[in-house]
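Subject: Structure handover

Hello,

Here is the structure I promised to pass on. My notes follow below it.

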Amino acid sequence: DSLFLGVSAAKEVSFSFDVGNGPVEIVVKSPNPLNDDQWHRVNAERNVKQASLQVDQLPLEVRKAPTEGHTRLELYSQLYVGAAGGQRGFLGCIRSLRMNGVTLDLEERAKVTPGVKPGCSGHCTSYGMYCANGGKCVEKYNGYSCDCSKTAYDGPFCIKDVGAFFEEGIWLRYNFHSPGTTMKDLVSRTLLSSTDSEITAPDLNLKKEELSFSFSTTRSPCVLLYVSSYTQDFMAVLVKPSGNLQIRYSLGGTREPYNIDVDHRNMANGQPHTVNITRNGRDIVLQLDHYPPMSYSLPTASDTQFNSPKALFLGKVIETGKIDQDIYKYNTPGFTGCLSRVQFNQIAPLKAALRPINTSSHVYIEGELVESNCGASPLTIPPMSAATDPWHLDSASADFPYNGQAIGDGVNRNSAIIGGIIAVVIFTILCTLVFLIRYMFRHKGTYHTNEAKGAESAESADAAIMNNDPNFTETIDESKKEWLI
């Protein structure tokens, strides 16, 4: 009797055994290669009735037990893991090996087996957290990497923003299916797939969407993002003439679109802003910058499905058919500014345009789109509104924090600033001159003595004086005279 379980080909796992009446083999074929440095789970079972084999989440393969032969598998040789006599050895990692409910201690065996090392637990368990923004950790033979293909980010850890600067007249369209794709092809693809596997492109009716992006602009009004459909349904994110943000949904069932107006701040102030919109059925959650999430709900008469989405537009809407009148007006002259890290469910249209990998057929760009990191700097200090900013001169209710004469116009204010700068410069120059003068005229301590020359070679101080002072001899002679009285 014998039993074998192994990888028979790049996409096949084989489970074979022989109970006395010939070998029985079960093969599971995977659509993707199994030597992809990823962990794969294999479950093989044999009983008196049948044998089965399952790999990962692939369908279970079952074979009935032979009608003749032993009911029990009698094995007398040792268990070989990773290699057997005459077979090609296994190169990789094996963990969590269980037989008949008993976990085998592979690590202890690995310590005493040449060519086998313990501790192969995978790197993603410990370091997978470093794959940010939805990046998937991919096991490597001696490390790991981050798969950013399903995100709007780039880089080794999926943290690099992928953004572009739009000049006036530039716009981008991302088609949810390639030109010429048939409905049968659409059913078999998951271009719009969300994290929920049941929401796919097949029926082209989205029950929920997840949208996130960053933008900065100084011009309003404009269209930031627009999702069209083969029906009258659409979704739009706009900047109104006042600079306020508006999210507009039209899913059918109501005469007018449902609008979410964010009127508490001006978004066209040139600073980067982050927008996150999630819709699940009738419930909508909007998070703007660092503000707490705000919840909204579609009207009860509104439909809850986004029917037949067609394309996603950035910067401008150039679409056939009827377009909402406000969106049509906001379309001129077009968006000018930065758009970054745009993601609609698992689609990243900007990244697809700037990193064309098998998705270039979905993207159409009008004008020259220039990649930029203009959206990489997040908003850190929230600007004050005009109503509360005391230095905002357009506010009629602005109270200046002093009682003096206010500087009325920009010319006087600039003159005051320039005058202050000049005064500081002059003061600095004067201080420097004073320091230099004091340094140049600083006196050093000196002194002079009347020490006689040749004192070094004289026998004594008196001798030195006598050698150098010609009158000193006479003085001594006079002192040596004696007077007798």
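Accessible areas here come from the Shrake-Rupley method with a 1.4 Å probe; for residues, only the protein chains shown count as cover. On that basis the chain exposes about 31,400 Å². Carbon and sulfur atoms supply 53% of that area.

Some ground rules. This is a predicted model, where local features need pLDDT of at least 70, side-chain atom pairs count only at pLDDT 80 or more, and totals for chains, interfaces and linings use all residues. Residues are numbered from 1 along each chain as its sequence is written, and side-chain values use heavy atoms, with hydrogens and water left out.

**Confidence**

pLDDT is the predictor's confidence in each residue, from 0 to 100. The chain averages 76. At least 70 is reached by 72% of the residues. Two stretches fall below 50. Residues 444–452 do so, with two contacts in the model beyond near neighbours in sequence. Residues 471–485 do too, with three such contacts. Contact means heavy atoms within 4.5 Å. Where pLDDT is low, the predicted coordinates should not be read in detail.

**Overall make-up**

The chain has eight helices and 28 strands. Both are DSSP runs, numbered from the N terminus: helices are H or I with at least four residues, strands E with at least two. Of the 485 residues, 32% count as buried. Buried means under 20% relative accessible area (1.4 Å probe, protein chains only). Take the contacts between residues at least 6 apart in sequence: 56% join residues at least 24 apart.

**Strand β25**

β25 covers residues 309–314, and five of its six residues are buried. β14 (residues 171–175) runs antiparallel to β25, joined by four bridges. Strands pair if DSSP finds at least two bridges between them. Leu172 stands opposite Leu314 of β25. β17 (residues 222–229) also pairs with β25, antiparallel and over four bridges. There, Val227 has Leu312 as its bridge partner.

**The β4-β5-β6 sheet**

These three strands form an open, antiparallel sheet in that order. β4 (42–46) and β6 (61–64) stand at the edges with a single partner strand each, so one side of each has no neighbour in the sheet. Neighbouring strands are turned by 5° against each other on average, direction ignored. Axes are lines fitted to C-alpha atoms, for helices over the stretch in contact, and angles run from 0 to 180 degrees between N-to-C directions. β4 pairs with β5 (residues 50–55) over five bridges. Glu45 has Ser52 in β5 as its bridge partner.

Best regards

Definitions and conventions:
Buried means under 20% relative accessible area, exposed over 50%, partly exposed in between (1.4 Å probe, protein chains only).
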